[in-house]
Amino acid sequence: MISTTLDSNTGRVLVVHSTSAQPYMVCVKDAADWSEIHNYIIDENNIDDIPNRKIDCTSEMQCSPKRSVYEMSPAEADVLKNHPKVEWVERSSLHNEYVLEQRKYDEEFDSHLFTNRFKYNVVNRRTSTTGGGNPGGTLDFTQWGIYRHSHRENKYINATTFSSDIQYTLTGKNVDVVIMDTGVRWNHPEFLKPEYTSVANSLACETESRVRDILIHGASEYGINWSSNGLTAPGTGSLSNYNVAGALLMHSNGNQSSSLKNHHGSHCAGTSAGNQFGHAFEANIWSIACVDRSDLGWSNPSDGFDYIKVWHKNKPINPLTGRKNPTIVNGSWGFRQFWNYSNNHTASFRGTSYDQSQISSTVAPAVHYMSYGFSTYNEFTAKQTVGQSEADEIFDDPDCKDIVFCFAAGNSNDKQEIPDGIDYNNEMTSATFYYSSGYDHYYNRSGTPAISGEGREDASIVVGSIDSTRQTTGGQERCSSFSNRGPAITVWAGGSHILSPYATGYSDPRNGGFYNYAISGTSMATPQVCGVLALYLESQPHATRADARKWLLTHGSNEVADSEYYDPYQSNGATDSNYWGNTYSLKSSRRRILYNPFANNGEASITGISFSQ
């Protein structure tokens, strides 16, 4: 029986692990050494000073060149960690029941989803006179990012009425948009094929819906055998609850945390590729419900990278195009570390170390103004050892160089620096951390998975959020108050008050049993970029990840002038508290705003958008 204890220092509920053998994942530093280490573990009668015992291999992880899972004791794992050819040894998140049970407790405190916890009233919307825009009234509007990003300049910010369609030259057809998230409610009218507004059997609507699940339909339609790739198949092992009803249907029970869990992925899917709210409204939508779904058996969302990698490699040739469909992945999630600011702590800031008594707004403002998390904790995006290894492998795989990744910057209202930047090595050197191990403590860096490929020409695309409400002084555009910002941000897109499918909200006029609502976060900004890049991939199906990033920075975004963008503090000075404390300071970010050149409006003064695309 699994038992728990309360950590008095952190307040974290800890699952008490067994001292007997359990599944551990081992990652070698160099793929060339995998066979040697594998044989060393399973063939040696003992590991150094551990008594003789045969160690079994739970999974060789054929999908990975560097990782495998073995049955060993915690003591044996500790010895193996010191082997010079071993990168890390951690309990397996897909095979170890203790890890899954721990995540069920942590999920209540730490959601990986980059969404504000609160829903907003939408101030920029068009509704019919009947209903007045209240929940239950007639819906005849769409998410404002479609209009904003169809122009180089921000024509939306001063618009008052919308009445015309935006005409698209491309629609995302024959492009696979992967929503790496909580799942997509595939029977929502936003995702049904044009001739349908409802389905007779929501558990079997493959012919009516544009949505597929990577695990379930990857096996049935592409003939993928997950077990032969060393992965857990849906409906088995830790993923015994992973099925259509759990991963793709997701009825809300009225609880806010549950509805957020169940519909975050649907909201992202609608913004990137939905029928009404999406830029790429004819793209194929592929879901993998691996983020914050401990109820389905996922302990670590990064485990989804292995499934995406195998699925991508096993794609069949599309008979309509004569090639495999391009893949673009939307990841509106990330890892965070939390530290207790009431307990003793030390931190480095720009080369100088400070203790708790010295830290103030004038000497270490990056720490002083750090975003509050929960209770007595501050938070920052962080790199996770295990999850980053899984992300790095798919980035380095030569067969996956054409997978484009869009990741959310996060909602800590903080700076994310580039490797040679002045704040890149700022670190919490000691503190009471919520996660005692497995995370780095650099607090001005991007975290997993956004940091993947950083500094390379094929780096992940990191997205910050802009607001739908103009700054009253001068009427300039501005970043969202919650958004991370800084030089590591690749591009900005609309993320505040974005309307898309959700658990509750405004009844959908196509089918009143479904809802759409406006929520905010860099989670909402990222699928804007994903949708526009899907249009690019339709036009350039042979493009690599590096090609897509280059196109985004040259043709798919626009540099706006200082006079157009609200940024009250430009100074890099360490004593300028408002540089860190002001919620609208860009902290040296580039002002690159997403631009969709495939919206065929000729930069004319369009008066608006109607409900139908």
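Let me start with two helices: the axes of α11 (residues 522–539) and α12 (residues 545–554) come within 11 Å of each other and cross at roughly 110°. Axes here are lines fitted to C-alpha atoms, for helices over the stretch in contact, with angles from 0 to 180 degrees between N-to-C directions. That makes α11 roughly perpendicular to α12, the word covering 65 to 115 degrees. Helices are DSSP runs of H or I, at least four residues, and strands are E runs of at least two, numbered from the N terminus.

This is a predicted model, where local features need pLDDT of at least 70 and side-chain atom pairs count only at pLDDT 80 or more, while totals for chains, interfaces and linings use all residues. Residues are numbered from 1 along each chain as its sequence is written, and side-chain values use heavy atoms, without hydrogens and water.

Which residues make the contact? From α11, Val529, Val532, Leu533 and Tyr536; from α12, Asp547, Ala548, Trp551 and Leu552. Contact means heavy atoms within 4.5 Å.

Now the sheet. Four strands form an open sheet in the order β4-β5-β3-β6, with antiparallel pairing; strands pair if DSSP finds at least two bridges between them. β4 (57–59) and β6 (86–91) are at the edges with a single partner strand each, so one side of each has no neighbour in the sheet. The twist averages 35° from one strand to the next.

Two bridges join β4 to β5 (residues 67–72), and serine 59 has valine 69 of β5 as its bridge partner. Helix α2 (residues 74–81) lies across β3 (22–28), β5 and β6, at about 160° to β6.

Methods
Angles under 35 degrees count as roughly parallel, over 145 as roughly antiparallel, 65 to 115 as roughly perpendicular and the rest as oblique.
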